[in-house]
Protein chains: 4
Amino acid sequence: MKNQFLFIRKANYYETDQMGIIHHSNYIRWFEEARVDFLDQIGFSYKKATEHGIDFAVLSVECQYKSMVKYGDTVAIETKIAEVSKTRIKLEYIIRDHMTQELRAIGSSSHCWYDNAKQKPVSLEKAIPELYHLFLSHHNE
Amino acid sequence: MKNQFLFIRKANYYETDQMGIIHHSNYIRWFEEARVDFLDQIGFSYKKATEHGIDFAVLSVECQYKSMVKYGDTVAIETKIAEVSKTRIKLEYIIRDHMTQELRAIGSSSHCWYDNAKQKPVSLEKAIPELYHLFLSHHNE
Amino acid sequence: MKNQFLFIRKANYYETDQMGIIHHSNYIRWFEEARVDFLDQIGFSYKKATEHGIDFAVLSVECQYKSMVKYGDTVAIETKIAEVSKTRIKLEYIIRDHMTQELRAIGSSSHCWYDNAKQKPVSLEKAIPELYHLFLSHHNE
Amino acid sequence: MKNQFLFIRKANYYETDQMGIIHHSNYIRWFEEARVDFLDQIGFSYKKATEHGIDFAVLSVECQYKSMVKYGDTVAIETKIAEVSKTRIKLEYIIRDHMTQELRAIGSSSHCWYDNAKQKPVSLEKAIPELYHLFLSHHNE
């Protein structure tokens, strides 16, 4: 199965800061966009997961900034599953300039599956088995 | 009754853009902060309203930018009720530099009361009479 | 000449608020995205303007919210020039759901041309005549 | 010397997401607010550093989310210097609920000193010796 997915997006003007670069906090939002797009690509949208009452609660995020993204640049964000279990998933992201392929940032996010009605973490295998098996099949061996 | 209320806040670095000024979209968020603080000041918090199941749905916003706010500046936002009825409220905001009193922006927002359970606009007089009468008493004649 | 331009974009999860809808402040950012895309479409990118030392200083914005945008929705933003002169431009935006064409919001933004080096407004006809004439030719009679 | 600093702030409505909690990306912005406030508290504002032509380029950030912050909550962010050298600084942040002291998040950010004119990293000891020695004196042994 395919285990790398690309999400392409332009850096917005309102995402710049007075250093003339994209403010670092926005990368965390871009990871979310890439994550959502990744779910679309594997065929089970995040929206569909939320309609099952399941959110991907964020346990942690981290990002290492390698070079600056400027307004008008287009970035390509590569997402892959680093770890997956019944209760957790860790995704890794690599941001590159879409034109030059220069490395911009590397990051990751860890999540548990959270049942909104019960207000507690749940086993994805029980909550949405279809999605759990999709993750397993796309996990990078 | 008092009909003008001040909310003081610093401009954040992450709110700047590459022109070296606060990005204009943030003023709309500052209006919300001032609105929430205004409700705290008149004694009926927005959180309390939401606990009654009532949100202030935003019907419109507008802002006229008069001079630039820079990172590190502190602004004072004056909020007052321009119009209030059973079904709507219009608030006006004046943003000034807190040190120099120089005018930065003028804006307004219009709202209806929205019942989250019923998913429709409601009369505030019926939904939260206490808040409706607070608004009336603080309305600037 | 063509006088209406469409910009398509998805509503992001991080743009939602606890009412379960896209927070109203984001529409002001979407207008900027649509504006930047409009400039790309007419053939003179905003980035190119800034490289001439010219920014589009925002004089005012306004938005009327007609119906709610939810996470996962795709919106189509139509941009057109409402007014243009040597010193100012007013753009109008109509946001519709891209699937249903339901009206979501109507708004506008007014701008002057700002010379970053001189730190003052300038005539676009003098600063970037090519762009000024592009605007004239795309102005909706 | 004092080596822990508190920054208090309320969670804003516009920072919530449709899960009904503060969106995780905002914590990265709050770290910046706490960092700026920390610099104010030790007596050398970030603004003053930027006036020396020095920015704190962000090398990395990370955040572990321990429990949810909701709209209306007030958080207390404790900042301390984890590591400091002539070329780098690492700050650690602990976010707690200001009322209950319940742990909300733990994070950190790493920075180098960046000369905006030269467009390259510099030694803080050479660029702003006063600030470098302030950091040393507040470093938690």
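## A bridge between two strands

In chain B, Ile94(B) has a bridge partner in strand E5(B): Ile106(B). The model is predicted. Strand E5 of chain B covers residues 103-115. Nine bridges join it to E4(B), and the two strands run antiparallel.

E4(B) and E5(B) form a hairpin. Five residues lie between them. In that turn, Gln101(B) has a positive phi of about 65°.

## The other neighbour of E4(B)

Strand E3 of chain B spans residues 74-84. E3(B) also runs antiparallel to E4(B), and nine bridges join the pair. Within this pairing, Thr79(B) has Tyr93(B) as its bridge partner. E3(B) and E4(B) form a hairpin with three residues between them.

## Two faces of E4(B)

Strand E4 of chain B takes in residues 88-97, and its side chains alternate. Which side chains point to the buried face? They are Ile89(B), Leu91(B), Tyr93(B), Ile95(B) and Asp97(B).

The bridge partners fall on both faces.

## How chains B and D relate

Chain B superposes on chain D by a rotation of 180° with 0.0 Å of shift along its axis, at an RMSD of 0.0 Å. That is the relation of a two-fold axis. Which residue of chain B comes closest to the rotation axis? Arg9(B) does, with its C-alpha at 5.3 Å.

Of the interface residues of chain B, 100% are also interface residues in chain D, so the copies meet through the same surface.

Notes:
Residues numbered from 1 in each chain as written. Chains lettered and ligands numbered in written order. Predicted model: local features only at pLDDT ≥ 70, side-chain atom pairs only at ≥ 80, totals over all residues. Heavy atoms only, no water. Buried < 20%, exposed > 50% of the residue type's maximum accessible area, 1.4 Å probe, protein only. Helix = DSSP H or I, 4+ residues; strand = E, 2+ residues; numbered from the N terminus. Pairing = 2+ DSSP bridges. Least-squares fit on C-alpha atoms with pLDDT ≥ 70 in both. Contact = heavy atoms within 4.5 Å.
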